[in-house]
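Trainee: I am new to this structure. Can you take me through it, one question at a time?
Mentor: Gladly. Have a look first, then ask.

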Amino acid sequence: MGEILQPGAKAPDFTAPVTPDQKLSLNDLKGRRVILAFYPADWSPVCGDQMSLYNMVLPEFRKHGAELLGISVDGAWCHQAYARANQFHFPLIADFHPKGEIAKSYGAYRDSEGVAERALFILDETGHVIWSYLSPMAVNPGADGILDALERMPRLETTDV
Amino acid sequence: MSELRFPINEYDHVIGPSDAPVTLVEYGDYQCPHCQAAWPEVELVLRHFGRGLCYAYRHFPISTVHPLAKPAAEAAEFAGAHGLFWEMHSAIYANGHQLSATTLFALAAQLGLDAAELRNALEQGTYAAKVEADFLGGIRSGVNGTPCFFVNGERLDGAYDAMALSSAIETAANDVPSNVVRIPVA
């Protein structure tokens, strides 16, 4: 496996399903700060799994003007069931077909297991990576790194959230 | 990687002396089955280390998954305001398998707490800010699920049975040079 995209890199654009009948393009979020959270799979068998945790921290992310996108290789129907069961209030991108293409473009695909790594990226308003972090697959990285990085960014002039 | 940003302070519920050589901080969720399983293990550890350990419990309710976690945490805080935090805390964990609003009121009643006062505190969110502050502090320290333990400020990843906790505590105790004079912080 190579290295994940580092700060300074242009974030590769993508268009992929977020629900069975809706797609989302990264370009649509241009001008906004974006947190991309790649993770191996929906339905982790623990209570406070990574996406449930981020769902709880969403108001903090939004205070910093950042949108959160979760990404895994699970299909849109799987994402829909997972998001409904856990009442997620952010989109889950289906990196399903061609499988793992988005993860690969960020250097965050684990070929041996066919899933995305646990990798985090923060993109600035111009679509560049300003922070990235690769967590060991078995360790939920938490949200402290993301919040620290968002705090280091220049303050947003507008407060439209 | 993750470290406790907020050391044990006067707002915490604490067992053990503030100048103990090792601190153990737990972030927990009353409706989480893993936290329910962890509490008897923590009790064993507390008994084993006695005054050699300072333990604090903080709330980390994952409300979207566990709708009763926050009311339970607020009920424990309510009991705490009456000097009965640990009694309520133990009672909630012991009844985790049948946790409900009714259970919370029944447990409070067993401790002699006033039901109307508890109902009022839950409705008004009297203790919501304290619970929220615990949660946000946990997020900033890298709490990544529950239960989450910090031994002398360092996040413990992995098992949390009494053996695992004890061994982490002993390792931390041995890391402290014996010639260092400890000044109580609280």
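**Helices, sheet and contact**

Trainee: What span should the 13 residues of helix H6 (residues 128–140) of chain B have at 1.5 Å a residue, and how far apart are its end C-alpha atoms?
Mentor: Bear in mind that this is a predicted model. The expected span takes 1.5 Å times one less than the number of residues. For the 13 residues of H6(B) that gives 18 Å, and the end C-alpha atoms agree, being 18 Å apart.

Trainee: Which elements do the buried residues of H6(B) pack against?
Mentor: Start with the buried residues themselves. They are Val131(B), Asp134(B), Phe135(B), Gly138(B), Ile139(B) and Arg140(B). Their partners lie in both chains: helix H1 (50–63) and helix H4 (144–152) of chain A, and, in chain B, strand S2 (22–28), strand S3 (53–59) and helix H2 (69–81).

Trainee: Which strands stand at the edges of the sheet in chain B?
Mentor: The sheet is open and has 5 strands, in the order S1-S3-S2-S4-S5, with mixed pairing. The twist averages 25° from one strand to the next. An edge strand has a single partner, so one side of it is left without a neighbour in the sheet; that holds for strand S1 (13–15) and strand S5 (154–156) of chain B.

Trainee: In which sense do S2(B) and strand S4 (residues 148–151) of chain B pair, and over how many bridges?
Mentor: Take one pair of residues as a guide. Glu26(B) is opposite Phe149(B) of S4(B). The pairing of S2(B) with S4(B) is antiparallel, over 4 bridges.

Trainee: What angle does helix H1 (residues 33–49) of chain B make with S3(B)?
Mentor: H1(B) lies across S1, S2 and S3 of chain B. Its direction runs to that of S3(B) at about 160°.

Trainee: And what angle does H6(B) make with S3(B)?
Mentor: H6(B) also packs on the sheet, where it touches S2 and S3 of chain B. Its direction makes an angle with that of S3(B) of about 110°.

Trainee: How is H2(B) oriented to helix H4 (residues 101–110) of chain B?
Mentor: Their axes are 10 Å apart, at an angle of about 10°. Angles under 35 degrees count as roughly parallel. So H2(B) and H4(B) are roughly parallel.

Trainee: Which residue classes make up the contact of H2(B) with H4(B)?
Mentor: From H2(B) come Pro71(B), Ala72(B), Ala75(B) and Ala79(B); from H4(B), Ala101(B), Leu104(B) and Ala108(B). By class, there are no polar and no charged residues, and 7 nonpolar.

Trainee: Which helix gives the largest share of the side of chain A that touches chain B?
Mentor: The contact takes 18 residues from chain A and 16 residues from chain B. On the chain A side, H1 and H4 each supply at least two residues. The largest share is 5 residues, and it comes from H1(A).

Trainee: Where is the cis peptide bond from Thr146(B) to Pro147(B) placed in the chain?
Mentor: Most peptide bonds are trans. This one is cis, with omega near -5°. Pro147(B) sits in the loop between H6 and S4 of chain B.

Trainee: Is Gln87(A) buried or exposed?
Mentor: Gln87(A) lies in the loop between helix H2 (76–86) and S5 of chain A. Its phi is positive, about 55°, although it is not a glycine. With 12 C-beta neighbours inside 10 Å, Gln87(A) counts as exposed.

Definitions and conventions
Residues are numbered from 1 along each chain as its sequence is written. Chains are lettered from A and ligands numbered from 1 in the order in which they are written. This is a predicted model: local features need pLDDT of at least 70, side-chain atom pairs count only at pLDDT 80 or more; totals for chains, interfaces and linings use all residues. A residue is buried if 20 or more other C-beta atoms lie within 10 Å of its own, exposed if 12 or fewer, and partly exposed in between; C-beta atoms are placed from the backbone. Two residues are in contact if their C-beta atoms, placed from the backbone, lie within 7 Å. Two strands pair if DSSP finds at least two bridges between them. Axes are lines fitted to C-alpha atoms, for helices over the stretch in contact, and angles run from 0 to 180 degrees between N-to-C directions. Angles under 35 degrees count as roughly parallel, over 145 as roughly antiparallel, 65 to 115 as roughly perpendicular and the rest as oblique. Ala, Val, Leu, Ile, Met, Phe, Trp, Tyr, Cys and Pro count as nonpolar, Asp, Glu, Lys and Arg as charged, and the others, Gly among them, as polar.
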